[in-house]
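User: I'd like to learn how to read a protein model from its parts. Could you take me through this one, feature by feature?

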Amino acid sequence: LVAALSTPPASMAGMNMFIESQPSPFQKAGFKVLGPPPAYSDSIGWEILGAESQILEINLKPSSYVSTDPGTMVHMSAGLKPDIHTAGGCGEACTRSCLAGESLLRVKYANNTQEDQLIGLTPNIPARIIPINLSQHNGGITIKSKAFLCAVDHTPKFSYRLAGGAAAACCGGQGLVLNTISGTGTVFLNATGTITMRVLEAGQEMLADGNSVVAFENTVNYDVRRVGGCLMCCCGGEGLFNTVLRGPGMVVLQSMPIEKMRAALAIRGGGGGGGGAP
């Protein structure tokens, strides 16, 4: 059984999205689990439907808009006008695409009518949706490549920084360039599996699988550490390095990153065996 938190974490747009388990080592370490999405209300203007492969339903007021990754629209009202934009200019778009592995362009759905318009968005992979209020993270957050889904009524500022040393860039699971988002509105991220969150104290370290890291505050130090000896590196199934996250700040993790999912499907679907159609 789980119980809702009496005080929601600051990262979740004022919503009680993360819940604690009964007293356990997991809870005592400061972990929280992403809970059921909040019910719709006019004050937030959106709701998240579904359990695993979720859909974000947004009620756009007149003059409102949503900026989203391409290919995420499921349905929309006839009064919405879609358009393409670079989300920061051509230079930022090229940096985002060439170095950070993100989409070159964004799609903007604007409500230029005098009535409310509805749009449904879903991640491009079977994933859960995480709302984060950027105004409560003055230093911004760093997110995994392809984790961004959309932003409502504002275009967050994307900036990029090197992952650190050569080992962190090549083996940290986040790529050569880290994606940093800052702004004052709510952004929606997508992640797969069970989603957990932990707030690290100053100087507190946590080791994680690099692909499982969805986001962390920019106050968190990001590095890598060798997993162990030669035998562990070759046969432990964890690769050569683990990601090291050092507080202070929030860290969001996923239990089934798309890289792990692809590897599992490749093992089950590859090689040998006849009987199938050519």
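Analyst: Gladly! Helices of at least four residues and strands of at least two are taken as DSSP runs, numbered from the N terminus. On that basis, the protein chain has 5 helices and 22 strands. Please keep in mind that this is a predicted model.

User: How much of the protein chain is buried?

Analyst: Buried residues account for 44% of its 278 residues. The accessible surface comes to about 13,100 Å², and carbon and sulfur atoms contribute 58% of that. Looking at contacts with a separation of 6 or more, 73% are between residues 24 or more positions apart.

User: Which residues have the most contacts inside the largest nonpolar core?

Analyst: The general idea comes first: nonpolar side chains in soluble globular proteins tend to be buried together. Here the largest such core has 20 residues, and those with the most contacts inside it are Ile130, Ile143, Ile181, Val187, Leu189 and Val252. Several strands supply at least two residues each, among them E11 (128-133), E13 and E22 (249-254). Strand E16 gives the most, with 3 residues. A second, separate core of 15 residues includes Ile58, Val66, Ile119 and Cys150.

User: What does valine 187 touch?

Analyst: Leaving out residues up to four places away in sequence, valine 187 touches Ile130, Pro131, Ile132, Leu134, Phe148, Cys150, Ala151, His154, Pro156 and Ile181.

User: How do I read a pair of aromatic rings?

Analyst: Such a pair is described by the distance of the centres and the angle of the planes. A search of the whole structure finds 4 aromatic pairs. One of them joins phenylalanine 148 and phenylalanine 158 edge-to-face, at 5.3 Å centre to centre with 85° between the planes. This pair links distant parts of the chain: phenylalanine 148 is in strand E13 and phenylalanine 158 in strand E14, 10 residues apart. Both phenylalanine 148 and phenylalanine 158 are buried. Another pair, phenylalanine 216 with tyrosine 222, is stacked, with 5.7 Å between centres and 10° between planes. Phenylalanine 216 and tyrosine 222 are both buried as well.

User: Which residues make up the covered face of strand E4?

Analyst: In a regular strand, side chains alternate between the two faces of the sheet. Strand E4 (residues 46-49) has Trp46 and Ile48 on its covered face, with Glu47 and Leu49 on the uncovered one. E4 pairs with strand E5 (residues 55-60) in the antiparallel sense over 4 bridges. Tryptophan 46 has isoleucine 58 as its bridge partner in E5. The two strands form a hairpin with 5 residues between them, and glycine 50 in the turn has a positive phi of about 95°.

User: Where should I look for backbone details in the loops?

Analyst: Serine 63 sits in the loop between E5 and strand E6 (65-68), and is exposed, at 66% relative accessible area. Aspartate 153 also has a positive phi, near 60°. Aspartate 153 lies in the loop between E13 and E14 and counts as partly exposed, at 39% relative accessibility. Finally, the peptide bond from glycine 247 to proline 248 is cis, with omega near 20°. Proline 248 is in the loop between strand E21 (241-246) and E22.

Technical notes
Residues are numbered from 1 along each chain as its sequence is written. This is a predicted model: local features need pLDDT of at least 70, side-chain atom pairs count only at pLDDT 80 or more; totals for chains, interfaces and linings use all residues. Side-chain values use heavy atoms; hydrogens and water are left out. Rings of Phe, Tyr and Trp (its six-membered ring) pair if their centres lie within 6.5 Å; planes under 30 degrees apart count as stacked, over 60 as edge-to-face and the rest as tilted. Buried means under 20% relative accessible area, exposed over 50%, partly exposed in between (1.4 Å probe, protein chains only). A nonpolar core is a set of buried Ala, Val, Leu, Ile, Met, Phe, Trp, Tyr and Cys residues joined through side-chain atoms within 4.5 Å. Contact means heavy atoms within 4.5 Å. Accessible areas come from the Shrake-Rupley method with a 1.4 Å probe; for residues, only the protein chains shown count as cover. Two strands pair if DSSP finds at least two bridges between them.
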